[in-house]
Amino acid sequence: MAATYANTSNQVAALKELYTGDDFMKDLVYKKNPLLALLPKDESPSGFAGKYIPVPLIYGTPAGGRSATFSSAQGNQTPPSLASFFVYRVSNYQLVTITNELLEATKDNAGAFIDEAKLNMDTGFRSISNDLALDLYSAGNGVRGQIASISTGVITLSNASQVVNFEIGMVLASFSISGTTYTQSTGAALGYVVAINRSAGTVTVSATAGGAAGTPTNWSTSFPNIGVSGDVAFGTLSVRTSFLKVTGLQGWLPTTAPSPGESFWGVDRSVDTSRLAGVVAQGTSSETIEEALIDAASQVAREGGMPDMCFMNFASYAALEKSLGSKVQYVDVKHEEADIAFAGIRINAPYGPISVVPDRNCPAQTAYLLQMDTWKLRSLGKAPHILTYGLEGLEGLRVGTADALEIRIGYYANLICNAPGWNCVVQLSQ
């Protein structure tokens, strides 16, 4: 696919030092992404130094060394149960390219220079920020949706709410997952998004860049998973380090119990699934969402956790709000550093109140009860930021094959959790 550069015809202009402070993080990165905004972070230059971050935890006491009989206590001693996740960082990039002609044309017009640069850079930051916000709910494998059916390039998604994960112009790959094996559709054909019907939950692709709607070769329900080209590692992925995307909540808190022998950042979580892979709670159709959340919070409390935040999608949030009626208690959840707040609902749980906040990136009929101080998004510098390659300020790179300048936005990061068992994924009935 040939790259398309920003130029005078699409109203994108030049580079200016508009993104050196923190205001753009509030407006472009955090504003519509509550989980991304509220997660504790280490974005220092050494926030993810080294090859990986070890995340040690104690998930069991030395129970074998306790007995009412001294000889039994002495003879049955066991060490505490320890584990350490060795989490690797991943990289992600958003490129913004502008023609030198436009740089020259706006050189003597500061207003045009700033306005046009802001348009291009804002959209670049929003794109990579939205991608990171989605990844924080994902498993790290690059899946953005599943094909329920496809006809003349029109994909009906298996879950209509997944349509928020797609944008016009995306280049997609279709693949299957069998255990730890990821197989791209035969022939490795790509699909180019040309239309989206967000009400119907359909995505239309072309088999060629710039072409009309059409089904790419061998795209079918045999290769039902869809991801952006370059986001998915194909082959047998026996270790988590093969994944190319941030390992989010679906990875740390799976709804299916880990299989024996699993290696999740080097740990076999099947030996104690609740403490190593989080609590799974199943809501029922006979209870309200509030009741399901209170029951789930009670399960986490039994494990010693004290969840203080809950995230769910807007449909589930609306159902919760309506079911509470006059009992609803609203709350503003404020970011500790950025001047930004999110409206939510407060519910009471065994260890205190929980703030429920809607997030468009959360999967349908799923809620995450989180003890926020057990999580951290670690990165080398801000996630995202403009890549300067050791230089000060904003920098652009000359494009070797074109009269243009390339600006690179990106991050090197991953999500860690030092106590999965104090967190819960709740499967809701609505």
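Reader: What makes Val357 the bridge partner of Phe311 in β17, and how do you know that β14 and β17 pair?

Author: This is a predicted model, where local features need pLDDT of at least 70, side-chain atom pairs count only at pLDDT 80 or more, and totals for chains, interfaces and linings use all residues. Residues are numbered from 1 along each chain as its sequence is written, and side-chain values use heavy atoms, with hydrogens and water left out. In β17, Phe311 has Val357 as its bridge partner. Two strands pair if DSSP finds at least two bridges between them; β14 (residues 309-312) and β17 have four, in the parallel sense, so they count as paired.

Reader: What joins β16 to β17?

Author: Five bridges, with β16 (residues 341-349) running antiparallel to β17. Asn348 stands opposite Pro353 there, and the two strands form a hairpin with two residues between them.

Reader: Why is β17 called largely enclosed?

Author: Five of its seven residues (352-358) are buried, so the rest of the structure largely encloses β17. Buried means under 20% relative accessible area, exposed over 50%, partly exposed in between (1.4 Å probe, protein chains only).

Reader: And why is Gln162 called buried?

Author: Its relative accessible area is 16%, under the 20% cut-off, so Gln162 counts as buried. Gln162 sits in the loop between β6 (154-157) and β7 (171-178).

Reader: What does Gln162 touch?

Author: Arg144, Gly145, Gln146 and Leu157, leaving aside residues up to four places away in sequence; contact means heavy atoms within 4.5 Å.
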